[in-house]
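Subject: Handing over a structure, with notes

Dear colleague,

I am passing on the structure that we talked about, together with some notes on what was found in it. Please keep the model open beside this email while you read.

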Amino acid sequence: MTNVRDVMGVCEQLWPKNLAEDWDSVGLAVGDPESAVTHVHCALDPSDDVIAEAVELGADFLFTHHPLLLRGVTSVAADTLKGGAVHTLIQSGIAQFNAHTNADSVLGGVSDVLADILQLQDVQPLVQHPEADEGVGLGRVGTVEPTSVEDIAVRLAQGVDLSVRGIAIGGDPSAEVTRIAVLGGAGDSMFGAARKARAQLYVTSDLRHHPASEALDTGARGGPLEHLIDISHYSAESAWIPRAAEQLDEALRSGGHSVTVTVSDVCSDPWSAVVLPDSEEWQWN
Ligand SMILES: [Zn+2]
């Protein structure tokens, strides 16, 4: 029989806890390490829809990228958002586990999936992890043959589950670039690293107005960073989930565990529609 502790052990080998950032929350949030596991369900977010999907499928282990509980918690009362989720999970016999910044930093993790989609060569971390082997760390930077920013955006669009938000380009879309930085998740805090890595284009999510416009102005005054691509957080990071599920499935099998591994069909992007300047009508997700 496979139990929660066994699955956690396999996860720890794939996405070691010590690679997580200090502020992060990774590992088991809900569940009894001794409980049996027959079905691991994998998703980006432990959102209500995803939890309902896991219950419907009869899963007993919900693996996600984002943490269920990140900030300090003083109540898990069932009538609160997170408390309600915790109750549903426990009542349905589902353990909840996540690998977050440890899965960003690890080789073959979230950032490498994005680097593969962009077809980057000579890939290195944007920020090397201070205690890990060379090549492990947050974000990736690499090179491509001279390619327009627009074509890079198309490459990205074709490689992810593109949500209704689409892809936004900052700077000249027709400009050709050869050195690209990429970071899964909110990328505002890594402009300095992208510049230091001499990236001409930075591909990330959740860029805010001021940091983005200041980065472009700085780029226009001599670079190196002159172009931005902003893709929805969901689109960027959900691309990793099938890869994580595959790795988990393989590792469980080779450990002699007979466990079903599935990938969520839920689009957990919070945005469901956009109005574009030239759209005649609403574009529904
Ligand atoms: Zn994220």
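The centres of domain 1 and domain 2, taken over C-alpha atoms, are separated by 28 Å. Domain 1 covers 4–103 + 240–263 of the protein chain, and domain 2 covers 110–236; such bounds come from an automatic or database domain assignment. Ten residues from domain 1 and nine residues from domain 2 take part in the contact, where contact means heavy atoms within 4.5 Å.

Before going further, please note that this is a predicted model, in which local features need pLDDT of at least 70 and side-chain atom pairs count only at pLDDT 80 or more, while totals for chains, interfaces and linings use all residues. Residues are numbered from 1 along each chain as its sequence is written, and side-chain values use heavy atoms, with hydrogens and water left out.

The zinc site

Which residues are the protein donors of the zinc ion? They are H66 (NE2), H233 (NE2) and E237 (OE), which lie 1.9 to 2.1 Å from the ion. Donors here are N, O and S atoms within 2.8 Å of the metal (3.2 Å for Na, K and Ca), and since water is not among the atoms, sites may look incomplete. Along the sequence the spacing of these donor residues is H-x166-H-x3-E. H66 is found in the loop between β3 (61–64) and α3 (81–91), whereas E237 belongs to helix α9 (residues 233–238), so this pair ties together parts that are 171 residues apart in sequence. Helices (H or I, at least four residues) and strands (E, at least two) are DSSP runs, numbered from the N terminus. H66 and E237 are both buried, a word that stands for under 20% relative accessible area, with exposed meaning over 50% and partly exposed in between (1.4 Å probe, protein chains only).

The aromatic rings

The structure holds six aromatic pairs. Rings of Phe, Tyr and Trp (its six-membered ring) pair if their centres lie within 6.5 Å, and planes under 30 degrees apart count as stacked, over 60 as edge-to-face and the rest as tilted. In one of these pairs, the ring centres of F61 and F97 are 5.9 Å apart and the planes stand at 35°, so the pair is tilted. Because F61 lies in strand β3 and F97 in strand β4 (residues 95–98), this pair ties together parts that are 36 residues apart in sequence. F63 and F97 form a stacked pair, with 6.2 Å from centre to centre and 20° between the planes, and F63, in strand β3, is 34 residues apart from F97 in strand β4. F63 counts as buried at 0% relative accessibility, and F97 is buried with a relative accessible area of 8%. One aromatic cluster is formed by W15, F61, F63, F97 and W240.

In helix α1 (residues 4–14), the residues V4, V7, V10 and C11 are buried. They cover an arc of only 125° around the axis, which puts them on the same side of α1; the arc is that of the directions from the helix axis to the C-beta atoms. Among what covers the buried residues of α1 are β1 (27–30), β2 (39–43), β3, β4 and α10 (241–254).

I51 has its place in helix α2 (residues 48–57) and counts as buried at 3% relative accessibility. Not counting residues up to four places away in sequence, I51 touches P46, L62, A85, T88 and L89.
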